[in-house]
Number of protein chains: 2
Amino acid sequence: MSDAPARVTIREVARDTGLSTSTVSRVLTGARAVSPEVAERVRESAERLGYRADPIGRSLRTRRTDTLGLVIPDVMNPFFPQLVQAVEYAARQRGLAVLIADASNDPEAERAALRTLVDRRVDAVLISPTHLTASRDALTEAAKAVPTIQLDRVIDPELPFVRADQGGPVEAIVRHLEATKRRRLAFIGQRITISTSVERERAFQRLMGEHFPGEPLRVVTAGMSADSGRAAARDILSSWPETDAIICANDLIAVGVLQELGGRAARREVAISGFDDTLLARALHLTSVRQPVERMADAALDLVAARATQAAIELDSEVIFRLSTT
Amino acid sequence: MSDAPARVTIREVARDTGLSTSTVSRVLTGARAVSPEVAERVRESAERLGYRADPIGRSLRTRRTDTLGLVIPDVMNPFFPQLVQAVEYAARQRGLAVLIADASNDPEAERAALRTLVDRRVDAVLISPTHLTASRDALTEAAKAVPTIQLDRVIDPELPFVRADQGGPVEAIVRHLEATKRRRLAFIGQRITISTSVERERAFQRLMGEHFPGEPLRVVTAGMSADSGRAAARDILSSWPETDAIICANDLIAVGVLQELGGRAARREVAISGFDDTLLARALHLTSVRQPVERMADAALDLVAARATQAAIELDSEVIFRLSTT
DNA sequence: ATGAAAGCGCTAACAC
DNA sequence: GTGTTAGCGCTTTCAT
């Protein structure tokens, strides 16, 4: 197995064709005009010899690595695989590879990951910061060294970002609930250190004021687990037994609520919605919000290509209505 | 933002200390004996100047990239984030970065991904092959160029692999079911192109023969979705209405079965088990099999470090018994 | 124990 | 349009 079958270098192609390495390079990178006949000769030879340009040599010279760094807060959070897949795909389209780093929800690990990526001279960094405040310094530092784009979560509006609208979908859900005659809405948020979750909660508060001005603000907090969602649901129902709809900041919480309120997805007393449209939502017929990860990834990579140093892009999210809010 | 704040090179450290670049290099890589006093001087200077060795230059010289390629069949399959996390962690411990490629369940994409990784001269490739047969050639080809280790899924026993025992946990489940007086067991498998799924099914067949020789073989197939699990459950119950336990090849299928048999997790007529211990299982109190991803990743990276060209490592899986098999 | 010099594979200035 | 030359940043002979 393995053990270097002596790679073909550009020099061998040059020798084989009787041309200079520069010419070969030009043909293969398309950097400058080359006579079609020579070009053909080079391509044939390269093909025949099985030449594949060494990215290391190239990078050393060009200062590009054709590699993107992607820092996510937590691979196990089922939203981020969606993002990873979208970024990978968009990057591949553009001939870029992706170095993925998982911060494990830990700002220190995140800082270390950023440093590694910068050291490795990735062409750009896409990051969904772990923490609303604690991620800040590392982010700023990285941005000094390499084009850095916030993706999904945004903690520094001065730096370029691509995110999904978080308020819009909450509004769509609230309107839908209103249309189906619910008005005693509650909200279960996540930790207040997560930018998207905060935005979801703010939207809820604003919308309650606008749509149901007399109603109390039924808001509690839960962690990233179904059990914690169950507990939150109990809290809500004991504080506000009249509640007839619960909007959750993510699907996992919503699943907990679903369990607490009596398993089976079906037309129900209390409407429930989640966030992120994970396989949980699909499996359990839970209304949820799907962020446009593909378009987000695309937009982010366009920013990279354009070397944008400023950008504020917000894309629309989509609510997938299912049985749980019927 | 960004735009190269002129990186500090090894030459500047050399100049600053009045030493040669070789000596600086030796201190920083620990390649050879250096007088402690000089070493200290170098380290101080490097620290002060903010020197960070450029991995590109280093790689060009050493032919190492300190980077690992990881090819997974599908990021959206909730098992693989577990594997990604474990590999990332184990790699970081050893100072390696990880290039992740998602094959999207497509052998062609997988072949392309492998080629990219080889081109980039990753030090080793870890791969969980998409397809039992269609992944073969690309795997063989990659293994010629770079140490390649099969992780989790195994399609070529001649090449090094690290996997989890698939038969053991099925046996543990069958025994547990037998102990709780079930004997009319059924199995729902996945596509027969996935190595692990095939192994799970074979184990089931063997165990039925051993434990319940008179019973018919109740086996059907489902895709990677809850809906398809529901359909499979219907098939089973119409063909063999006496069925009192269903073992599923993954959690998503099990969730479908759970729904079909009447939502709520609880002590039930028909016991249900899944595979992979994903958040679905945890959220829905589903008995499931947890593969030892951390130990698998560790073992794989040990093989990489040892430059093993042959290895067959199988680790024990663990069944997490929950409400669904009570 | 340290230094000088070569060179990994590639592309970009600069000639012509 | 093509060739010559230099050099990206590093490690590693080969000297001393």
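Is B:Cys248 buried or exposed? B:Cys248 is buried, with a relative accessible area of 0%, where buried means under 20%, exposed over 50% and partly exposed in between (1.4 Å probe, protein chains only). Its counterpart by number, A:Cys248, is buried as well, at a relative accessible area of 0%. Across all chains, a search of the whole structure turns up zero disulfides, a disulfide being a pair of cysteine sulfur atoms within 2.5 Å.

A word on conventions: this is a predicted model, in which local features need pLDDT of at least 70 and side-chain atom pairs count only at pLDDT 80 or more, while totals for chains, interfaces and linings use all residues. Residues are numbered from 1 along each chain as its sequence is written, chains are lettered from A in the order in which they are written, and side-chain values use heavy atoms, with hydrogens and water left out.

Now to the DNA. There are 31 residues around DNA strand C, and A:Ile10, A:Tyr51, A:Arg58, B:Thr23 and B:Arg26 come nearest; near means that a heavy atom of the residue lies within 4 Å. These residues divide into nine nonpolar, twelve polar and ten charged (Ala, Val, Leu, Ile, Met, Phe, Trp, Tyr, Cys and Pro count as nonpolar, Asp, Glu, Lys and Arg as charged, the others, Gly among them, as polar).

| Residue | Atom of DNA strand C | Distance |
|---|---|---|
| A:Ser25 | phosphate oxygen | 2.9 Å |
| B:Ser22 | base nitrogen | 2.9 Å |
| B:Thr23 | phosphate oxygen | 2.6 Å |

Technical notes:
Polar contact = N/O pair within 3.5 Å; in protein donor to acceptor, adjacent residues only side chain to side chain.
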